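Here is a short report on selected local features of one protein chain. Look over the sequence and the structure before reading on.

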Amino acid sequence: MSNIIKAIKKIYPTIEGGFVYWETQYNGTYWKNPIDGLVWENTKFPKPKWSEIEALIPIIELQEAKDNKLTQLETFILAKKTEPFTTHKAPEITGINPYTFGADVQFTWFVDAIPNSNLTPESILSKCTLDTVDCINAAINNSVDFASLKTNYANLLKQKVVPYSTTITKNGKELAGAINVFSVALTLANHIQQREIYNNIIKKTKTFQINACKSVEEVEAIKFE
């Protein structure tokens, strides 16, 4: 929809057809007087003056620029929130049945979806939470005092394994592997929460800046990185 049509709809919000606007003449050249391109057959509303239409064009263009920038902001924030990160380390799982572990390795945490897996990041962290509750309950049921409670709880935590298949960095190389995510589940959850809060702050700040702009140039000057 051209901005001319949008302007007419702003002048007459309830108008339903009865007009058409041709931006160029039959030979492809632009009208000397743009209002000549407006063919008006609507009998309910009078043909608007070009000055009325022209006055609304900058307003429409500014709103279009804001809408486009806000859409770009939504895409940017979503990408930031779902971007995998490699800021944590956890014990590498080197064997199963029984589990054996190597040194702590850097690993990739996939926030949005885990490649080649039916599991989700949320389900894995939920499993860690449930296992932690199990450890607490078991420690309480098998302790006689606070000291034994602490010892039993610590020992139970060490025995818990929640495998997570991902990309690990080992000897400076990235390769497929698995880690025990249970040992870092709390710090992972905190990191995800803080990143969510940070990105929400960026979104609110940038949204306010965009909506406060008085010109298309101001809108286009706003950067997200």
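Strands here are DSSP runs of E with at least two residues, and they are numbered from the N terminus. This is a predicted model.

Strand β3 covers residues 85–95 and holds Glu92. Is Glu92 buried or exposed? Glu92 has a relative accessibility of 10%, so it counts as buried. Its side chain makes a polar contact with the side chain of Lys170, at 3.1 Å. Setting aside residues up to four places away in sequence, Glu92 touches Thr100, Phe101, Gly102, Ala103, Val105, Ile168, Lys170, Ala178 and Ile179.

**Two loops**

The loop between β3 and β4 (100–109) contains Pro98. A cis peptide bond links Asn97 to Pro98, with omega about 0°. Asn97 lies in the loop between β3 and β4. The loop between β5 (163–170) and β6 (173–180) holds Asn171. Asn97 has a positive phi though it is not glycine. Asn171 also has a positive phi and is not glycine. The table sets out the values.

| Residue | Phi | Relative accessible area |
|---|---|---|
| Asn97 | near 50° | 74%, exposed |
| Asn171 | near 55° | 75%, exposed |

**Helix α2 against helix α5**

Helix α2 (residues 50–81) packs on helix α5 (residues 185–212) at about 170°. Their axes are 10 Å apart. An angle over 145 degrees counts as roughly antiparallel; α2 and α5 are therefore roughly antiparallel to each other. From α2, the contact takes in Lys66, Lys69, Leu70, Leu73, Glu74, Ile77, Lys80 and Lys81. From α5 come Arg195, Glu196, Asn199, Asn200, Ile202, Lys203, Lys206, Thr207, Ile210 and Asn211. The residues of this contact comprise nine charged, five nonpolar and four polar.

Lys223 sits in the segment after α6 (216–221). Lys223 has a relative accessible area of 55%, so it is exposed.

In helix α1 (residues 3–11), the buried residues are Asn3, Ile4, Ile5, Ala7 and Ile8. Their cover includes β1 (19–21), β2 (38–40) and α2.

Helix α4 (residues 146–159) has 14 residues. From first C-alpha to last it reaches 20 Å, close to the 20 Å expected at 1.5 Å a residue. At the start of α4, a side-chain oxygen of Asp145 comes within 3.3 Å of the backbone nitrogen of Ala147.

Key: Residues are numbered from 1 along each chain as its sequence is written. This is a predicted model: local features need pLDDT of at least 70, side-chain atom pairs count only at pLDDT 80 or more; totals for chains, interfaces and linings use all residues. Side-chain values use heavy atoms; hydrogens and water are left out. Axes are lines fitted to C-alpha atoms, for helices over the stretch in contact, and angles run from 0 to 180 degrees between N-to-C directions. Helices (H or I, at least four residues) and strands (E, at least two) are DSSP runs, numbered from the N terminus. Angles under 35 degrees count as roughly parallel, over 145 as roughly antiparallel, 65 to 115 as roughly perpendicular and the rest as oblique. Contact means heavy atoms within 4.5 Å. Ala, Val, Leu, Ile, Met, Phe, Trp, Tyr, Cys and Pro count as nonpolar, Asp, Glu, Lys and Arg as charged, and the others, Gly among them, as polar. The expected span of a helix is 1.5 Å times one less than its number of residues. A polar contact is a pair of N or O atoms within 3.5 Å; within protein, one must be able to donate a hydrogen and the other to accept it, and residues adjacent in sequence count only if both atoms are side-chain atoms. Buried means under 20% relative accessible area, exposed over 50%, partly exposed in between (1.4 Å probe, protein chains only).
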